[in-house]
Amino acid sequence: MQRLTFNDINRAKFRLCENNPIIRNFGGSFNAADPSVLTPEQSHDGRWHLFCHTFFGVYRFDSENGINFSLVKKIVSKAMRPNINYIGGRYYLFYEKTKSVAGNALSLIGGKWKSEIFVTESENLDEWTEPKRALGKTRDFEADERGQAISNPFLINVGGKNRLYYSCGQTYIKDCGFCEPTYISFAESVEITKGYISRNEPIIRPDKKNPYLNLCSGCIKVYRLADCFIGLQNGIFEKNGNSHSAIMLLRSEDGVKFDFVKMLLSPQMCGENDWMAQYVYACHLTFYNGVLRIYFNARNKANPLTGRECIGVYEAEIS
């Protein structure tokens with residue numbers, strides 16, 4: 001990604017892939033969500049690998065072309081919002097560890113939520129180490145009367161340190177019937193899997209005056225370019241009495257203070273298909289063979305019983 005400049009991203013002409021959605025909800029779950037992707041040059045076997053979650057845990061898919069994916073297997077249960085990294089010939093899968101499916105369901109009807117960021121390692125994507133906690137609650141803003149939520153991990157290296165961006169806190173979204181992350185912050189460590197120290201304050205918080213951030217912060221994925229950092233953030237916002245989410249392009253000089261640039265991808269109908277009609281959520285940016293791809297998950301409607309989440313691709317060629 002560091003071969004690209006901000007202008008490369010800002011001027012890119014993205015279009016929705018004709019195969020969308022590329023992964024639909026499966027296995028009895030209402031959602032397939034939060035994709036994290038390895039390109040062929042980021043994997044040991046020269047294939048594309050996509051990690052996502054359902055109600056039942058984090059799963060791995062693989063592909064020859066990054067569009068047509070096949071389910072391989074479940075990696076870990078009681079887990080969501082994965083982030084896969086290939087560093088020094090070893091894979092590091094960060095994820096939000098939650099309660100069981102039953103425990104999560106109880107959280108929706110008044111029980112306390114509890115989640116932390118865990119990590120597991122592999123050399124081949126098939127055999128994984130025993131997961132261990134990478135980041136738990138250390139700041140007051142990470143918890144409230146609903147419990148504690150440490151979520152949406154995303155790892156980059158900044159100045160020789162490992163910087164783990166994450167979401168935290170909970171804001172109840174009335175029409176959805178569940179919570180979304182209130183704040184965004186990060187923690188840093190010289191080691192990949194442990195020793196993370198969180199900032200004292202969030203870097204992004206809700207803003208009632210911001211039309212795309214007036215409910216809560218959602219999550220962010222941060223990339224180092226040749227001339228700056230960019231963030232792809234999906235804030236949760238209210239418009240005309242309903243909640244929505246869209247993917248925004250942010251710019252930063254240091255990866256700490258981010259400025260809004262523009263909306264990259266908004267909820268919309270795709271012909272008669274409503275799979276991304278109300279929410280466009282967490283995403284992952286890749287660049288391979290001159291093509292930018294934003295893998296994202298989307299939701300058709302707020303209703304917690306009839307709403308479904310699927311994964312799509314938004315892509316652009318870079319000349």
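The model is predicted: local features need pLDDT of at least 70, side-chain atom pairs count only at pLDDT 80 or more, and totals for chains, interfaces and linings use all residues. Residues are numbered from 1 along each chain as its sequence is written, and side-chain values use heavy atoms, with hydrogens and water left out.

**Overall fold**

- The protein chain holds 23 strands and two helices. These are DSSP runs, numbered from the N terminus: helices are H or I with at least four residues, strands are E with at least two.
- Along its principal axes, the C-alpha trace spans about 50 × 45 × 40 Å.
- Of contacts (heavy atoms within 4.5 Å) between residues at least 6 apart in sequence, 51% link residues at least 24 apart.

**Burial and surface**

- Of the 319 residues, 56% are buried. Buried means under 20% relative accessible area, exposed over 50%, and partly exposed in between, with a 1.4 Å probe and protein chains only.

**Nonpolar cores**

- A nonpolar core is a set of buried Ala, Val, Leu, Ile, Met, Phe, Trp, Tyr and Cys residues joined through side-chain atoms within 4.5 Å.
- The largest core has 45 residues; Tyr165, Ile230, Leu232, Ile247, Leu292, Ile294 and Phe296 touch the most other members.
- Strand E19 (residues 242-252) gives this core its largest share, five residues.
- Another core lies apart from it, with 16 residues, including Ile22, Phe26, Leu50 and Tyr59.
- Beyond four places in sequence, Ile247 has contacts that include Leu232, Met263, Leu265, Val280, Cys283 and Phe296.

**His53**

- His53 sits in strand E3 (residues 48-54). Its relative accessible area is 4%, so His53 is buried.
- Not counting residues up to four places away, His53 touches Asn31, Asp34, Met80 and Arg81, among others.
- His53 and Cys283 lie 230 residues apart in sequence and 13 Å apart in space, C-alpha to C-alpha.

**Asn214**

- Asn214 falls in the loop between strand E16 (197-198) and strand E17 (216-224).
- Asn214 is buried, because its relative accessible area is 11%.
- Leaving aside neighbours within four places, Asn214 contacts Asp207, Lys208, Ile236, Phe237 and Glu238.
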